[in-house]
Amino acid sequence: MSSPRFRPYEEDIDRQSPNRNLAPVSAEVDAEQQLWVGGCRLADLAAHYGTPLYVLDETTLRAGCRAYRQALTSHYPGESLVLYASKAHSSLAMAALMTSEGLGLDVVSAGELLTAIAGGANPRNIVLHGNNKSRGELELALEHGVTVVLDNWWELDLLERLCGQREQRVRLLIRFTPGIECHTHEYIRTGHLDSKFGFDLEELDGVLRRLAMAPWAEVAGLHAHIGSQIFELQPHGDLAAVMVKALGRARDLGHRPRDLNVGGGLGVRYVASDDPPAISAWVQTVSAAVAAACGQQNQPLPRLLCEPGRSLVATAGVTLYQVGSRKEIPGVRTYVAVDGGMSDNPRPITYQSRYTACLPQRCRDAATETVTVAGKHCESGDVLLHHIPLPPVASGDLLAVFATGAYNASMASNYNRIPRPAAVLAHGGQARLVQRRETNQDLLHWDVLPEHLDQSGPVPIR
Ligand code: LLP
């Protein structure tokens with residue numbers, strides 16, 4: 001199983017739908033074979049900011065936002081709102097950028113909520129998700145007036161108490177599992193019956209009845225999310241029809257829901273053989289299915305909400321590493337180790353995800369060897385790329401891994417006490433720091449050495 005070579009100079013870049021590219025839309029290779037992103041030479045960024053480094057291309061990020069909004073305007077006859085699923089990459093800069101493109105934000109914790117607000121998001125365009133939101137998180141949501149995605153009965157009771165105490169109403173989207181299967185990794189499938197998220201479809205009636213008698217709750221609409229990294233369009237078309245039916249049921253039970261939130265899930269290209277649908281095709285499928293179902297069921301058009309994460313940010317990201325050691329095992333494989341790994345990109349070890357990479361200083365050199373790119377963590381499974389063809393790789397070379405903008409920085413850890421990388425936003429020949437590199441000192445910051453710990457020395461062993 002070998003990954004096809006990455007050749008940005010031969011690729012047609014899809015500027016309308018960045019999720020279909022391997023590289024950021026602004027990627028270019030110059031006459032010296034150097035790779036540039038956002039008008040910045042990657043080798044210069046590595047020299048200035050160090051490695052590993054997350055590079056985010058602003059043009060790609062904005063192109064994705066515009067693609068979703070444009071497609072909704074073209075294909076959906078009613079109102080719509082795109083909510084960026086900030087779990088894909090949550091930072092102040094990203095919240096500010098998404099807000100500047102007219103997107104709202106989906107958040108799943110107090111941390112993501114505060115990041116969204118501090119980044120300038122309008123609380124009215126924020127929805128709070130979670131299957132086990134804490135009391136504090138719900139209070140924060142009430143304080144800021146954000147919409148809560150109601151997930152379960154326990155939360156319903158808790159919200160009832162909190163709203164009672166605060167004499168406040170809350171805007172709710174009710175999350176349910178629509179019973180729709182899709183083909184993606186088991187860990188990122190959520191729309192089937194056996195899911196920890198949301199109410200079962202059969203329970204929905206009971207929830208709607210209970211809320212019909214709850215003056216503290218405004219049932220603003222319904223929510224479902226069927227999974228992530230999905231390449232098929234059909235499940236989202238089917239989902240829309242199921243949801244319109246459920247909206248009709250909510251109306252029958254006395255609610256006046258306005259919003260239908262179909263979640264996220266559109267896939268992206270990680271390796272050349274991946275062929276995800278374009279953003280416009282996804283939006284068109286969902287829009288047509290909602291409009292058709294409303295027509296058939298004689299329902300008014302809801303405001304259509306969607307929550308893309310990965311398809312907005314994945315291909316905007318490139319991670320730069322420096323190559324260090326090399327280990328050749330004759331007849332088996334050659335390991336090339338980089339200065340990061342599963343702590344900055346846990347996706348290969350978690351989901352067996354595949355990636356594409358190149359040497360950003362020798363983009364056009366022929367690939368003459370096949371190597372396995374390993375990380376630096378004390379774990380055999382810490383491999384970023386298996387069997388990847390590259391030009392001869394030497395210690396000191398830079399390696400660029402593509403499509404790392406989603407679920408990399410946001411899932412990064414300090415495993416082995418490795419500081420998290422810096423992140424820069426590149427645009428028009430300028431790179432701006434958006435996340436500072438952690439230092440080794442930062443890692444000690446949260447540790448506490450108890451005062452009365454017995455440090456008198458080791459007990460003699462006989
Ligand atoms: N809305 C809800 C309620 C979600 O749970 C998710 C993702 C999204 C929207 C955004 O989905 P997207 O457009 O990004 O597919 N860590 C995994 C992905 C987990 C996705 C969790 N939920 C990965 O690295 O593949």
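## Terms and basis of the model

A residue is called buried when its relative accessible area is under 20%, exposed when that area is over 50%, and partly exposed in between, with a 1.4 Å probe and protein chains only. Helices (H or I, at least four residues) and strands (E, at least two) are DSSP runs, numbered from the N terminus.

This is a predicted model, in which local features need pLDDT of at least 70 and side-chain atom pairs count only at pLDDT 80 or more, while totals for chains, interfaces and linings use all residues. Residues are numbered from 1 along each chain as its sequence is written, and side-chain values use heavy atoms, with hydrogens and water left out.

## Strands and sheets

In a regular strand the side chains alternate between the two faces of the sheet. Strand S5 (residues 80–85) runs parallel to S6 and is joined to it by three bridges, and strands are taken as paired if DSSP finds at least two bridges between them. Within this pairing, Ala 85 has Asp 106 of S6 as its bridge partner.

An open sheet of three strands has the order S1-S2-S3, and its pairing is antiparallel. Strand S1 (28–29) and strand S3 (40–41) stand at the edges with a single partner strand each, so one side of each is left without a neighbour in the sheet. S1 and strand S2 (residues 35–37) run antiparallel and are joined by two bridges; Glu 28 has Trp 36 in S2 as its bridge partner.

## Domains and nonpolar cores

The protein is divided into domain 1 (4–56 + 315–440) and domain 2 (129–308), with bounds that come from an automatic or database domain assignment. Their C-alpha centres lie 35 Å apart, and 18 residues of domain 1 are in contact with 16 residues of domain 2, where contact means heavy atoms within 4.5 Å.

A nonpolar core is a set of buried Ala, Val, Leu, Ile, Met, Phe, Trp, Tyr and Cys residues joined through side-chain atoms within 4.5 Å. The largest such core has 101 residues, of which Leu 211, Trp 216 and Leu 399 touch the most other members. Helix H9 (residues 279–297) gives the most to this core, with eight residues, and the core draws at least three residues from each of domain 1 and domain 2. When residues up to four places away in sequence are not counted, Leu 211 touches several residues, including Leu 150, Ile 174, Trp 216 and His 255. A second, separate core of 23 residues has Leu 45, Ala 46, Val 318 and Phe 402 among its members.

## Aromatic pairs

The structure holds three aromatic pairs. Rings of Phe, Tyr and Trp (its six-membered ring) pair if their centres lie within 6.5 Å, and planes under 30 degrees apart count as stacked, over 60 as edge-to-face and the rest as tilted. One of the pairs is formed by Tyr 68 and Trp 282, whose ring centres are 6.0 Å apart with planes at 75°, so the pair is edge-to-face. Tyr 68 lies in helix H2 (residues 58–75) and Trp 282 in helix H9, so the pair ties together parts that are 214 residues apart in sequence. Both Tyr 68 and Trp 282 are buried.

Another of the pairs brings together Trp 153 and Phe 199, with ring centres 5.5 Å apart and planes at 80°, so the pair is edge-to-face. Trp 153 belongs to helix H6 and Phe 199 to strand S10 (residues 199–200), 46 residues apart, and the pair thus links distant parts of the chain. Trp 153 is partly exposed, with a relative accessible area of 32%, whereas Phe 199 counts as buried at 1% relative accessibility.

## Two buried residues

Where in the structure is Glu 155 placed? Glu 155 is in helix H6 (residues 153–166), and with a relative accessible area of 0% Glu 155 is buried. The side chain of Glu 155 makes a polar contact with the side chain of Lys 133 at 2.7 Å. A polar contact is a pair of N or O atoms within 3.5 Å; within protein, one must be able to donate a hydrogen and the other to accept it, and residues adjacent in sequence count only if both atoms are side-chain atoms.

Pro 18 is found in the segment before S1 and is buried, with a relative accessible area of 1%. Leaving out residues up to four places away in sequence, Pro 18 touches Val 25, Thr 60, Ala 63, Gly 64, Ile 279 and Thr 315.
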